[in-house]
Amino acid sequence: MRKYYTHLILILLALVLYFMANFQRVAIPGAIFDTLQTDLNINASSVTTLSAAFMYSYAISLLFCGILADRYGAVKVILCGALLFSIGALIFPNTENIYLLYLSRSMLGAGSASFYLCLVQEAKKCFPDKYFGISVSLMLITGYLGGVFANAPFVFLTKNIDWQTIMNFLGIITLIITLLFCIERGFLRHIPINEHAKFSILPFKEVLASKFNHNLFLFGGLNYGLYYVIQTVIGVKFLKDYVNMSASSASVILSIMIVIAGISGLSLASLSAFFNNKRVIFMKSICIMSSTIFAIISFCIYCGIKTKFIALMFLMIALGGGMSPLLVPVIHATNKYEIRGTALSIMNCCFFLAVGILGSFVGFILDIFDTSLINGQIVYSYKSYFLVFLTFFIVSLIEMYNVFKLKDV
């Protein structure tokens with residue numbers, strides 16, 4: 001019984017780390033793009049690379065966390081990830097060296113990758129099947145809350161407290177939670193190593209041999225990439241520069257986007273169940289809607305139309321952020337039991353690789369055209385934003401091509 005409660009405490013502590021991971025992923029640079037650019041004296045490419053470094057590290061680490069958890073136990077992997085995450089969280093607000101900033105963001109990404117997958121594995125041990133789905137939903141809600149607080153509440157705090165102080169405070173809390181996790185883990189004593197769990201390239205080859213998986217991963221990756229690059233990189237900055245919204249108002253829109261994405265996931269799963277588990281039709285509908293929205297925003301920018309309606313269209317794009325409850329069952333239905341875990345890890349890897357690549361490309365585009373300086377902050381031209389959203393529209397067409405290759409099984 002004592003061991004059971006030890007596992008529960010470890011899960012609660014890991015949930016705090018998962019909250020922090022989502023905060024770090026969303027807050028930098030999206031919520032304080034201008035502040036980072038001014039304080040660190042860097043260009044747009046360097047700012048967006050702060051996000052890309054996190055995403056690339058996160059994506060690659062996801063491929064290994066599952067097998068490491070199977071072999072060494074989820075608790076050990078969370079602890080290693082938490083130590084790496086804590087170090088990155090403390091380095092980031094205490095340096096202006098761009099390479100150390102990139103290193104710290106990479107450490108944050110690699111550490112974050114262990115939390116969700118391992119939390120699910122721990123929950124499977126602690127809760128009976130009838131409560132397992134609820135426990136996973138609560139974990140996801142915790143993650144969404146981290147993203148919500150990384151926008152409007154974080155921006156509000158930065159009006160009175162500098163971002164370094166806030167991030168240092170969160171870094172110290174993260175370190176304390178990690179130390180508590182380490183102490184509590186000691187009560188489990190010896191955690192055996194599963195000698196049968198070994199990394200093999202064969203499941204990866206089998207997953208990637210499927211053309212259906214190619215289309216599914218490309219659709220899923222691009223869909224998530226387009227939503228999340230707005231959420232974590234360019235959304236607040238664009239709404240400030242082009243739509244002339246205040247930082248507070250823009251960050252509220254981004255916070256609402258996360259809430260909508262969470263509700264969307266539950267709603268899409270429920271609708272799918274109601275329509276006899278038809279999933280692809282909803283994926284196609286969301287994709288068509290997203291492409292239409294990117295086309296409208298591109299048209300508005302080209303014609304110089306500056307309307308708050310664009311912010312409302314961002315909220316509609318957030319509907320695509322809740323696609324996982326549809327994608328995961330499709331993976332399970334179309335891949336053998338033995339390779340489902342590998343397929344899921346590759347799909348999640350594609351999600352964050354897409355965010356990293358699109359984020360890096362956005363930074364490159366923003367630096368192409370001339371900028372202006374207004375109230376001490378760099379404002380990018382409508383030409384830059386037109387090219388950004390035109391790129392998003394083209395990417396959404398590639399996404400659409402792949403989703404129309406899919407069929408319900």
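Buried residues are those with under 20% relative accessible area, exposed residues those with over 50%, and partly exposed residues those in between (1.4 Å probe, protein chains only). The structure is a predicted model in which local features need pLDDT of at least 70 and side-chain atom pairs count only at pLDDT 80 or more, while totals for chains, interfaces and linings use all residues. Residues are numbered from 1 along each chain as its sequence is written, and side-chain values use heavy atoms, with hydrogens and water left out.

**Figure 1. Overall view of the chain, with 16 helices and two strands.**
Of the 409 residues of the chain, 54% count as buried. Helices (H or I, at least four residues) and strands (E, at least two) are DSSP runs, numbered from the N terminus. The C-alpha trace spans about 65 × 50 × 35 Å along its principal axes. The radius of gyration is taken over C-alpha atoms, and the globule rule is 2.2 Å times the number of residues to the power 0.38. For 409 residues a compact globule would have a radius near 22 Å, and the 21 Å of the chain agrees with this. A contact means heavy atoms within 4.5 Å. Among contacts between residues at least 6 apart in sequence, 82% join residues at least 24 apart. The accessible surface of the chain comes to about 18,000 Å², of which 69% belongs to carbon and sulfur atoms. Accessible areas come from the Shrake-Rupley method with a 1.4 Å probe; for residues, only the protein chains shown count as cover.

**Figure 2. Close-up of the largest nonpolar core, which has 133 residues.**
A nonpolar core is a set of buried Ala, Val, Leu, Ile, Met, Phe, Trp, Tyr and Cys residues joined through side-chain atoms within 4.5 Å. Phe238, Leu239, Ile297, Phe314 and Phe392 touch the most other members of this core. Helix α10 (residues 211-241) supplies the largest share of the core, 15 residues. When residues up to four places away in sequence are not counted, Phe238 touches Val243, Ile297, Ile301, Ile310, Phe314, Tyr385 and Phe389.

**Figure 3. Close-up of the salt bridges of Asp34 with Lys237 and Lys240.**
A salt bridge is a side-chain nitrogen of Lys or Arg within 4 Å of a carboxyl oxygen of Asp or Glu. Side chains of opposite charge can pair when their charged atoms come close. A search of the whole structure finds four salt bridges. In the pair of Asp34 and Lys237, the closest N and O atoms are 2.2 Å apart. This pair links distant parts of the chain, with Asp34 in helix α2 (residues 33-40) and Lys237 in helix α10, 203 residues apart. Asp34 counts as buried because its relative accessibility is 4%, and Lys237 counts as buried at 1%. In the pair of Asp34 and Lys240, the closest N and O atoms are 2.6 Å apart. Asp34 lies in helix α2 and Lys240 in helix α10, so this pair ties together parts that are 206 residues apart in sequence.

**Figure 4. Close-up of the salt bridge between Glu206 and Lys336.**
The side chains of Glu206 and Lys336 meet at 2.8 Å, N to O. Glu206 belongs to helix α9, whereas Lys336 is in the loop between α14 (324-334) and α15 (340-366); the pair links distant parts of the chain, 130 residues apart. Glu206 counts as partly exposed at 36% relative accessibility, and Lys336 counts as partly exposed at 47%. Elsewhere, salt bridges that share partners join Asp34, Lys237, Lys240 and Asp241 into one network.

**Figure 5. Close-up of a nonpolar surface patch of about 730 Å².**
Patches are made of residues with over 30% relative accessible area and no salt bridge: like charges are joined within 9 Å, and nonpolar side chains (Val, Leu, Ile, Met, Phe, Trp, Tyr) within 5 Å. Ile60, Phe64, Leu68, Tyr72, Ile193, Phe199, Ile201 and Leu202 make this patch. Helix α3 (residues 44-72) gives the most to the patch, with four residues. Ile201 lies in the loop between α8 (163-185) and α9 (202-208) and counts as exposed at 52% relative accessibility.

**Figure 6. Close-ups of backbone features at Pro29, Asn41 and Asn276.**
A cis peptide bond, with omega of about 0 degrees, joins Ile28 and Pro29. Pro29 is found in the loop between α1 (2-27) and α2. Although Asn41 is not a glycine, its phi is positive, at about 55 degrees. Asn41 is placed in the loop between α2 and α3 and counts as exposed at 70% relative accessibility. Asn276, also not a glycine, has a positive phi of about 60 degrees. The loop between α11 (247-274) and α12 (280-302) holds Asn276, which is exposed with a relative accessible area of 63%.
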